[in-house]
Structures are given as C-alpha cells and as structure tokens.
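Please read it beside the sequence and the coordinates.

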Amino acid sequence: QVQLVESGGGLVQPGGSLRLSCAASGTIFRIYAMAWYRQAPGKQRELVADSTSAGAASYADSVKGRFTISRDNAKNTVYLQMNSLKPEDTAVYYCNAVISTRGPTGYDYWGQGTQVTVSS
C-alpha cells in the first residue's frame, strides 16, 4: 500500500511564502510523475505544477514565476515552493504521484490535502 502525506500548509499574508512537502511511503517500486493540484471552494481541482521522474517541470500559467516544484527522489518527496502568494492562491493543495508497486505499470495516488489560506 502506498501513502502520500502532505505538510506545510497554513495561513500567510499576501506576498508571503510557503513550502509544501509530500512524502510517499509504502511498497514503492518506482515513482514516475509527481504533481501538485489545488481546489478552491466552488471550483474544480486544477493542476498547479508537475515534475517528471527526470525533473522536468511544468506550471499553470497562474503560478509561473512564483511557484517552483522540486523533488528528492532519494526521499520519495516532492516540494512546492510558493512565493509572492495571492489571495486567489487560497485552496486545498493535493499531492499526486504515479507510482508502481511492482513492474512498470504506475497508478495514481493522492494525498489527503493541505489547506493554504492567503489573507491579511
């Protein structure tokens, strides 16, 4: 069984920074892509940033230049550094990873979510 555990959310003022972490544990053979999604109240879940196993990253237009995704493959952990936060970044942030527990086939796993609130 695989678990993704997020940490690092909280309340921050506009212009501030937060760093989210997501650690994968359990029976892991290989981790492929890792990503961060977010869901604001009344809105659909959206992709914020993702990273391939080789470290190539892509970002939603709304966060480009402000957020940075990175991963430590030795620790099975992905991070999201969020700078210059805006009130519209307020959402529950979810970690996602494509993980194989044996063989080459990977499956989607999700974390429980961590709340990020940007408010003065």
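Leaving aside neighbours within four places in sequence, Phe67 is in contact (heavy atoms within 4.5 Å) with Arg38, Val48, Tyr59, Leu80, Gln81, Met82, Asn83, Leu85, Asp89 and Tyr93. The model is predicted, so local features need pLDDT of at least 70 and side-chain atom pairs count only at pLDDT 80 or more, whereas totals for chains, interfaces and linings use all residues. Residues are numbered from 1 along each chain as its sequence is written, and side-chain values use heavy atoms, with hydrogens and water left out.

Phe67 also belongs to the largest nonpolar core, which has 28 residues, and is among the members that touch the most others, together with Trp36, Val48, Leu80, Met82 and Tyr93. Such a core is a set of buried Ala, Val, Leu, Ile, Met, Phe, Trp, Tyr and Cys residues joined through side-chain atoms within 4.5 Å; buried means under 20% relative accessible area, exposed over 50%, and partly exposed in between, with a 1.4 Å probe and protein chains only. At least two residues of this core come from each of β1 (2-7), β3 (18-26), β4 (30-39), β5 (46-51), β7 (67-72), β8 (77-82), β9 (91-100) and β11 (114-118), and β9 gives the most, with five residues. Strands here are DSSP runs (E, at least two residues), as helices are (H or I, at least four), numbered from the N terminus.

Strand β4 pairs with two of these strands, where pairing requires that DSSP finds at least two bridges. β4 and β9 run antiparallel and are joined by eight bridges, with Ala97 in β9 as the bridge partner of Met34. β4 and β5 are also antiparallel, over five bridges, and Met34 stands opposite Ser51 in β5. The hairpin of β4 and β5 has six residues between the strands, and Gly42 in its turn has a positive phi of about 80°.

Glu46 is found in β5 and counts as partly exposed because its relative accessible area is 35%. Leaving aside neighbours within four places in sequence, Glu46 is in contact with Trp36, Tyr37 and Arg38, and a polar contact of 2.7 Å joins the side chains of Glu46 and Arg38. A polar contact is a pair of N or O atoms within 3.5 Å; within protein, one must be able to donate a hydrogen and the other to accept it, and residues adjacent in sequence count only if both atoms are side-chain atoms. Glu46 and Tyr93 are 47 residues apart in sequence, yet 9.6 Å apart in space, C-alpha to C-alpha.

Thr114, in strand β11, counts as buried because its relative accessibility is 11%. The side chain of Thr114 reaches the backbone nitrogen of Gly9 at 3.3 Å.

| Charged residue | Ring | Distance to ring centre |
|---|---|---|
| Arg45 | Tyr94 | 3.7 Å |
| Arg45 | Trp110 | 4.8 Å |

Most residues other than glycine have a negative phi.

Methods: A charge sits over a ring if NZ of Lys or CZ of Arg is within 6 Å of the ring centre and within 35 degrees of the ring normal.
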